[in-house]
Amino acid sequence: MHVHQYEKLWLGAALVLIVAIIATITYGTVGLGIAMVDDSEETVNPSNLGEVEGFDDPGVTQVGENEYDVHVIAFQFGYEPGDEQLFEPIEVPEDSTVNFYVTSSDVIHSFSLVGTNVNTMVIPGEVATMTVEFDEPGEYGIVCNEYCGPDHHNMEGKLEVVPEDEFHLFELEGVEAPEDDEVELGADATFTATVSSDHHDERIVPVTLEIGEETLEEELAVGGDASADLELAVDTDALGAGEHDWTVTIEDETADGQLAVLEENETTEE
Ligand code: CUA
């Protein structure tokens, strides 16, 4: 059978077009990393998120050398964390792989990073998951693209990708000062700082206590996803009698208070 040369050409062109169309659709569906929530996602009870692992303490947890899990709760009208007014921006380091787990505690929202293709619907009862790589430091707005109520347009948050050396996952849980914030002159004033870590391995964090003219610096090893206590004892003879302001600092977090160093037989009651 003889096929005309032009006929062959058109057949070839049509075939190329068909392949191109299929390739385009495939790329648009899976290649861009567009996530859709479906029935296969794990389900959670939206009114009981406080007892769901990950959402009981939303935020950033290190899970690997450069990998982090971020649990976010979307609600009317904000994100926890992310919302700058109520909580804090989500902070992750540069050169990291971040797994987002987002759910809603009330109605349908979305979790969309402005200027990126990260955009997912957030359905109560379901957990939307997305993995994103952040190469460079930067700031991204988080917005809700699903109408969710009167303050929908104000539902926003922030994601900060920070340089490695500015990133930390330690939290100063609290500082226990001497009882009644007073101690007798000559005795040691002991402060206990409790520090928790969301790093995946044991790390050392410097802890500083400043009181009066004294500065104590010590290092505390905190296990992965754990907390640890550090006792800092100050010799009150060095401080002298009187009221002293104190501050405990770890990284960019502080706790402060006042300590009264009492002369013998002196009490705070008049
Ligand atoms: Cu949440 Cu719109």
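Q: Which residues form a nonpolar patch on the surface?
A: Please keep in mind that this is a predicted model. The patch consists of Tyr-6, Leu-9 and Trp-10, which together have about 450 Å² of accessible area. Trp-10 is placed in helix α1, which covers residues 5-31. A residue counts as exposed over 50% relative accessible area. Trp-10 has 66% relative accessibility and is therefore exposed.

Q: In what order do the 5 strands of the open sheet stand?
A: The order is β4-β10-β9-β6-β7, and the pairing in this sheet is mixed. Strands β4 (90-93) and β7 (119-122) stand at the edges; each has a single partner strand, so one side of each is left without a neighbour in the sheet. On average, neighbouring strands of this sheet are turned by 20 degrees against each other, direction ignored.

Q: How many bridges join strand β9 to strand β10?
A: There are 6 bridges between β9 (residues 138-143) and β10 (residues 156-162), and the two strands run antiparallel. To see the pairing at the level of residues, consider Val-143, which stands opposite Glu-156 in β10.

Q: Which residues form salt bridges with Lys-158?
A: The general idea comes before the case. Side chains of opposite charge can pair when their charged atoms come close. Lys-158 forms a salt bridge with Glu-139, with the closest N and O atoms 3.5 Å apart. This pair links distant parts of the chain, since Lys-158 lies in strand β10 and Glu-139 in strand β9, 19 residues apart. The side chain of Lys-158 also meets that of Glu-160 in a salt bridge, at 3.6 Å from N to O. Glu-84, Glu-139, Lys-158 and Glu-160 are linked in a network of salt bridges, and the structure holds 4 salt bridges.

Q: Are Lys-158, Glu-139 and Glu-160 buried or exposed?
A: The cut-off for buried is under 20% relative accessible area. Lys-158 has 17% and is therefore buried. Glu-160, with 18%, is buried as well. Glu-139 has a relative accessible area of 55% and is therefore exposed.

Q: Which residue forms a salt bridge with Asp-201?
A: The partner is Arg-203, and the closest N and O atoms are 2.8 Å apart. Asp-201 counts as partly exposed at 28% relative accessibility. Arg-203, at 26%, also counts as partly exposed.

Q: How many aromatic pairs does a search of the whole structure find?
A: The search finds 7 aromatic pairs. One of them joins Tyr-68 and Phe-167, with 5.4 Å from centre to centre and 80 degrees between the planes, an edge-to-face arrangement. Tyr-68 lies in strand β2 (residues 67-75) and Phe-167 in the loop between β10 and β11 (170-176), so the pair ties together parts that are 99 residues apart in sequence. Both Tyr-68 and Phe-167 are buried.

Q: Why is the pair of Tyr-79 and Phe-111 edge-to-face?
A: Planes over 60 degrees apart count as edge-to-face. The planes of Tyr-79 and Phe-111 stand at 80 degrees, with ring centres 5.8 Å apart, so this pair is edge-to-face. The pair links distant parts of the chain, with Tyr-79 in strand β3 (residues 78-80) and Phe-111 in strand β6 (residues 109-113), 32 residues apart. Tyr-79 is buried, with a relative accessible area of 0%, and Phe-111 is buried at 0% relative accessibility. Tyr-79 and Phe-111 belong to one aromatic cluster with Phe-100, Phe-134 and Tyr-140.

Q: Which residues form the covered face of strand β8?
A: The covered face of β8 (residues 128-134) is made of Ala-128, Met-130, Val-132 and Phe-134, while Thr-129, Thr-131 and Glu-133 form the uncovered one. Strand β5 (residues 96-104) pairs with β8 in the antiparallel sense over 7 bridges. Within this pairing, Phe-100 has Met-130 as its bridge partner in β8.

Q: In what order do the 3 strands of the other open sheet stand?
A: The order is β11-β13-β16, and the pairing is antiparallel. The edge strands are β11 and β16 (227-235), each of which pairs on one side only. From one strand to the next, the twist averages 25 degrees. Strand β11 is joined to β13 (residues 188-197) by 6 bridges, and Phe-170 stands opposite Ser-197 in β13.

Key
Residues numbered from 1 in each chain as written. Predicted model: local features only at pLDDT ≥ 70, side-chain atom pairs only at ≥ 80, totals over all residues. Heavy atoms only, no water. Pairing = 2+ DSSP bridges. Helix = DSSP H or I, 4+ residues; strand = E, 2+ residues; numbered from the N terminus. Axes fitted to C-alpha atoms, helices over the stretch in contact; angles between N-to-C directions. Patch = residues over 30% accessible without salt bridge, like charges linked within 9 Å, V, L, I, M, F, W, Y side chains within 5 Å. Areas by Shrake-Rupley, 256 points an atom, 1.4 Å probe, with all protein chains shown as cover. Buried < 20%, exposed > 50% of the residue type's maximum accessible area, 1.4 Å probe, protein only. Phe/Tyr/Trp six-rings, centres within 6.5 Å; stacked < 30°, edge-to-face > 60°.
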